[in-house]
Amino acid sequence: MNELPLLSALVAVPLIGAVVVASIKRENAAVARWTALGFAGAVAVITALVALGFDYGDDAPWLQFTESYTWISAWDLDLSWGIDGIALLLVALTAGLTPIAMLAAWRDLDAVQRSVPAFFALVLALEAAMLATFLASNVLLFYFFFEAMLVPMYFLIGSYGTGPKKQYAAVKFFLYSLLGGLLMLVAVIALWVNNGGVFDWATLVESEPLEAGTLQNWLFLGFFVAFAIKAPFFPFHTWLPDAGGAAPAAVAALLVGVMDKIGTFAILRYCIPLFPDATKTFAPWVIGMSVIGVIYAAFVAIGQTDLKRLVAYTSIAHFGFIGLGIFAFTSESATGAVLYMFNHGLATGLLFIVVGFLTLRRGSAQIKDYGGAAKTLPLLAGIFLFAGLASLSLPGTAPFISEFLVLFGAFTENEPVAVVAALGIILAAAYVLWMYQRTMQGDRNPALDEVPAMKRDLTLREKALVAPLVIAILGFGFYPQPLIDAIEPAVDNTLGFVADDPAELPMGVSNE
Amino acid sequence: MSESTAVTIDWAGLAPLVIVFAAAFVGLLAEATVPKSRRLPVQVALAVAALAAAFVAVVLNADKSGTVFALDGVAIGSVVIDGPGLFLQGTIAILSIVAVLLLAERRTVRGGDFVAEAAVVADSAADLEQRREDGATEIFPLTLFAVTGMMMFVTSGDLLTMFVALEMLSLPLYLLCGLAKRRRLISQEAALKYFLLGAFASAFYVYGMAMLYGFAGTVDLAGINAAGVGSGQPRMFLYIGVAMIAVALLFKAAAVPFHMWTPDVYTGAPTPVTALMAACVKVAAFGGLLRVFNVGLSSSAWDWHLILTVIAVATMIGGAIFAVTQRNIKRLLAYSSIANAGYLLIGVIALGDAVGQTMFYLAAYGFTVIAAFAVVSLVRDGDEEATHLARWAGLGKKSPGTAVVFTILMLALAGLPFTSGFTAKFSLFAAALQADELGLVIVGVVSSAILAFPYLRVVVLLWLNEPAPDAPTVNLPSPMAGTVVAAGVAATLILGVAPGFLLDIVDQASTFLNT
């Protein structure tokens, strides 16, 4: 137990912030904005404290900063938190991206006549729930927040979204996720019934896993389908283009940049250690799905006419890479997959935010409404291209490292799969560059000159909020070592459960 | 010989029933003696005080386990005091207090939602006359009679006592259903429908009781259970008897295919009465089901397990699917109550493993649904309730407070974490899995997912749609209805966030006394 309950604070601060901001009167929009940003900043500061105190050594315990408070003893449900290297990266991503998304949405709401305090309160509530899923070290506690997170996101899409299909998209998102969550609930309960009533993650991982066989396979599927919907993996992805297309761009950045990572994070945290045999049984299928996802989503992305939907589809392709990296079970590929989760959050987050700048100016997300826009918006066009190139994993940007690691690791395990997946890189170049070309280059769309906003390049606020992302993408592109140091021990611990050589057992997980 | 017929009565054990029953009679007297202007406060105070006293009496009995009546020191199991019985009595008492407060609401509708005479021809001169008068206060004694029946129903140790209780809880309800001040004809239709079908159900019950008596030679539940393994009578009597008793009980519980009355009666009855039925009668009906199947029929579980499973599946799926197509909020809640009956049936089928969890579910659901109906009674188009869902569009804009409350209730019914809906479903499904009912749990989960859609559509309407220019107003509730909503929402949230205390209570109270 550390001296300060930092992880509890990470969940509590945004939650309190949500309540405080929600109680601000609707007329005081500016107060609400700054208060919300203040709370999000406090979360970022606490995250920095955690990162500084984190033990990056190979011999460090799996979960650090552990805390535990009894909640409902009849169910072995404790408020227990703990953080490993993988979670640390994702917490940092969440804590960093949330204030940026807030800044990105700073003025968006002026046009839509919706309550500003409610919007920022929902974003803070969403941040609290997302952080809680990364920090929970109790299966049921994780489930609580995994489900509760749907509510703020549902309202953010349905109430603050754009386009005629926003309600449809919000309901589709909610029902898809709820169905996955409820199937997971059956598996959660069955796990509890079959292991003598234990939900504590560390206890579960240290004890003998369930016997390999039917039960473990079904439990794995119960968990996996929920996470595959969340991620989303092909063929569970159909909600994402609708949700990503309808959500406000800043929210879409959080949705795709952070929330979807909970699916892949949970596969690493729960599916592999709790159901190692079933994980190995289903690995070929998951790899197959991942590769299909990479190729299929890339093709569909090429054909999109809506910028936000296009970016959403690129993400589905990227999640294929992450799935491939995890289920190839090599240290390089899994490390690459986790790094991919982080880098994808940066790159796609940036891409969504820039698309948000564009659509707010033009009032449309349709690609055909643009054309030659770079002439009046040189800086915005530059950032747009940069985000696109990062998203296609150009060497020198952070995503390149992760994609390389994934493919390298996968290649040592399974050459044909890696070769097919590598085609995804070429397709990525196609959809990104063609998107850029159709919107920014070529003949100028005369309609653009009628929109005064299309002549206003990046404002100071916009520059300030994309700068950290650009710096991070470039910085981690050249020097990813700190990130790799953070995630490697946790990845090795996780992969120890599915190692072919039984001697490579994972190290102890508890902090005692 | 005097000592050979010495009947001993455990008055403390009987106290909850006696208190409510006596208060009902006092209430009748008050109708005759108290001046009209003062009747309402007197009746409400009397009813609430009696129910609160009954609750205290239940709590004082907490550790008791035994029969109320004994003949020469030999227990007679007509009224049984045991953990489940006491817990359910207490739940009914508390929920009834909440329902009585809703019945007493007078600010939203001038003079209340009730007329004095159900049988007057709708829209006749006499009917128009009585509609102009202030609401009837006979509803309070009637409610107390019904509550007495419910509290007796869950503590009956033999089928005969249970039948008396069944009639006692049903007859006042038939009448209450027909007392709505608005839409008289629909209200009368609901009452008649409920009465006719209820009378059928009662007939089934009596016939089934006769069959079981023929099989076991007793109407005592424990005796029937013993006969289930040892009787030399043809087993066909048992099958027919179980089937018929089950039809009657499942009718009250609103399980498919005995649910047909539910949407019509829920819609036609005055909303406070609907709330009473959805919360308290549900508790009583499932209390009875739990007792009959656990105490009386557990030895013959193999004989009824399959058919009850089929009914549970049909109820869960049927209720959820029909709920999807509803456009009227009261009908939507009616079908949702049918689907919830399906989940509760899982608890009945799981027998001893799930008694406590089923009771927890009943308490949690009761509070949520009573608050939901209370909110329905507040959203009004002029004089009438705006029950058509389209009229609720954009309520979040005009009355954010009400919309927040209703959203919480809808999310609780959908079973989201941090609400009682989740804790109740979780503990019930966990208990069912422990009893190896995986199939039923999966159906339950799928049904919950389907059912989430109609709830969500209500939330969409509340928040994401624009209000119509002539949108209904939300009447500011009087302290009465305000208390109802507050209590329901508070219970929904407390049982969702800190359910530990109630889980402990139901855990301790989950063993039936097998006299």
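In the predicted model, B:F418 lies in the loop between helix 16 (400–414) and helix 17 (420–434) of chain B. Its phi is positive, about 75 degrees, although B:F418 is not a glycine. Most residues other than glycine have a negative phi, and most peptide bonds are trans. B:F418 counts as partly exposed because 19 C-beta neighbours lie inside 10 Å, and a residue needs 20 or more to be buried.

Chain A holds another such residue. A:S393 has a positive phi of about 65 degrees and is not a glycine. The residue sits in the loop between helix 15 (378–391) and helix 16 (398–413) of chain A. A:S393 is buried, since 29 other C-beta atoms lie within 10 Å.

A:P232 belongs to the loop between helix 9 (214–230) and helix 10 (239–246) of chain A. In chain B, the bond from B:V256 to B:P257 is cis, and omega is near 5 degrees. B:P257 is placed in the loop between helix 9 (235–253) and helix 10 (261–268) of chain B.

Six of its eight residues are buried. These are B:T262, B:P263, B:V265, B:Y266, B:T267 and B:G268. The cover includes helix 6 (159–177), helix 7 (184–216), helix 11 (271–296) and helix 13 of chain B.

From helix 6 of chain B, the contact takes in B:L159, B:F163, B:L166, B:E167, B:S170, B:Y174, B:L175 and B:C177. Helix 7 of chain B contributes B:S187, B:A190, B:A191, B:Y194, B:F195, B:G198, B:S202, B:Y205, B:V206, B:M209 and B:L212. By class, the residues of this contact are 14 nonpolar, four polar and one charged.

Helix 13 (residues 329–349) of chain B packs against helix 18 (residues 438–464) of chain B. The two axes come within 11 Å and cross at roughly 165 degrees. That angle makes helix 13 of chain B roughly antiparallel to helix 18 of chain B. Their crossing is left-handed. On the side of helix 13 of chain B, the contact residues are B:L332, B:S336, B:A339, B:G342, B:Y343, B:I346 and B:I349. They meet B:L440, B:G444, B:S447, B:L451 and B:P454 in helix 18 of chain B. Eight residues of this contact are nonpolar and four are polar, with no charged residue. An α-helix has 3.6 residues a turn, so residues three or four places apart point the same way.

In chain A, helix 11 (residues 249–274) and helix 13 (residues 307–327) have axes that come within 11 Å and cross at roughly 15 degrees. Helix 11 of chain A is thus roughly parallel to helix 13 of chain A. The crossing is right-handed. Helix 11 of chain A supplies A:A249, A:A252, A:V256, A:D260, A:T264, A:I267 and A:L268 to the contact. Helix 13 of chain A supplies A:K308, A:A312, A:S315, A:F319, A:I322 and A:I326. The contact divides into nine nonpolar, two polar and two charged residues.

Between the chains, 24 residues of chain A are in contact with 24 residues of chain B. On the chain A side, helix 5 (139–148), helix 6 (150–160) and helix 7 (166–194) each supply at least two residues. Helix 7 of chain A gives the most, with 14 residues. The side of chain A that touches chain B has 19 nonpolar, four polar and one charged residues.

The predictor gives the complex an ipTM of 0.86 and a pTM of 0.89. Chain B averages a pLDDT of 89, and 98% of its residues score at least 70. Within chain B, confidence is highest in helix 5 (residues 139–153), at 95. It is lowest in strand 6 (residues 473–474) of chain B, at a mean of 74. Where pLDDT is low, the predicted coordinates should not be read in detail.

Note on methods
Residues are numbered from 1 along each chain as its sequence is written. Chains are lettered from A and ligands numbered from 1 in the order in which they are written. This is a predicted model: local features need pLDDT of at least 70, side-chain atom pairs count only at pLDDT 80 or more; totals for chains, interfaces and linings use all residues. Helices (H or I, at least four residues) and strands (E, at least two) are DSSP runs, numbered from the N terminus. A residue is buried if 20 or more other C-beta atoms lie within 10 Å of its own, exposed if 12 or fewer, and partly exposed in between; C-beta atoms are placed from the backbone. pLDDT is the predictor's confidence in each residue, from 0 to 100. Two residues are in contact if their C-beta atoms, placed from the backbone, lie within 7 Å. Ala, Val, Leu, Ile, Met, Phe, Trp, Tyr, Cys and Pro count as nonpolar, Asp, Glu, Lys and Arg as charged, and the others, Gly among them, as polar. Axes are lines fitted to C-alpha atoms, for helices over the stretch in contact, and angles run from 0 to 180 degrees between N-to-C directions. Angles under 35 degrees count as roughly parallel, over 145 as roughly antiparallel, 65 to 115 as roughly perpendicular and the rest as oblique. A crossing is left-handed if the near helix is turned anticlockwise from the far one by less than a right angle, and right-handed if clockwise.
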